[in-house]
Amino acid sequence: QKGMTTRKLEITAVSAEGLLIGGKPVKKNAFVAFDIAGNYSNRAMRTEVCGDHPVWKENLETEFSLPPKKKEGFMYVRVYCEISGGKDKHVGTARVPIKDFTGGYAPEGFLHCLSYRLWDEYGKRNGIVNFSARIVKAGLHSFWLR
């Protein structure tokens, strides 16, 4: 699309807390998917269990276009759990404003550690998802504080 600015985004899925399916806590077999304006990225892989909540150590990279001026874009973070029979059950979704990691609060390229409330398909709170996001600029290298 003409005039659209494309950015590369590095996302690290970290963990989720307080997830429930049928009133029971989700501790394992949970995974997460990130969707920016219909650009569906790979899912984070299966969980490791850390205490009583799922933990991931997955890095995902995707490209997305910034929304036109005066229009707010969103990233949808969806958490699922594999239940018996190999079926995936939707646990909850968080709607994350793109401006939260594109330079609104910190310069573009900085690492943003984010936590968002998940909502199930009935509009009820169902846990929290934790992840980090960073816009990757060409030639952006790590730096040391002197």
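Author: Thr-102 is found in the loop between S9 and S10. The model is predicted, and every value below is computed from it. At a relative accessibility of 18%, Thr-102 counts as buried, because the cut-off for that class is under 20%. Its contacts, leaving aside residues up to four places away in sequence, are Phe-64, Leu-66, Glu-108 and Ile-135. For Leu-66, 36 residues from Thr-102 along the chain, the separation of the two C-alpha atoms is 8.8 Å.

The charged pairs come next. Side chains of opposite charge can pair when their charged atoms come close.

Lys-89 and Glu-121 meet through their side chains in a salt bridge, with 3.6 Å from N to O.

Strand S11, residues 125–136, takes part in another pair. Here the side chains of Glu-10 and Arg-134 form a salt bridge, at 3.8 Å from N to O. Glu-10 sits in strand S1 (residues 6–17) and Arg-134 in strand S11, so the pair links parts of the chain that are 124 residues apart. The relative accessible area of Glu-10 is 28%, which makes this residue partly exposed. Arg-134 is partly exposed as well, at 27% relative accessibility.

A further salt bridge joins Asp-35 and Arg-78, whose closest N and O atoms are 3.3 Å apart. That value meets the definition because a side-chain nitrogen of Arg has to lie within 4 Å of a carboxyl oxygen of Asp. Asp-35 belongs to strand S4 (residues 30–36) and Arg-78 to strand S8 (residues 74–83); the two are 43 residues apart, and this pair too links distant parts of the chain. Asp-35 is buried, with a relative accessible area of 13%, whereas Arg-78 is partly exposed, with 22%. The two residues fall into separate classes because buried means under 20% and partly exposed starts from there.

Note on methods: Residues are numbered from 1 along each chain as its sequence is written. This is a predicted model: local features need pLDDT of at least 70, side-chain atom pairs count only at pLDDT 80 or more; totals for chains, interfaces and linings use all residues. Side-chain values use heavy atoms; hydrogens and water are left out. Helices (H or I, at least four residues) and strands (E, at least two) are DSSP runs, numbered from the N terminus. Buried means under 20% relative accessible area, exposed over 50%, partly exposed in between (1.4 Å probe, protein chains only). Contact means heavy atoms within 4.5 Å.
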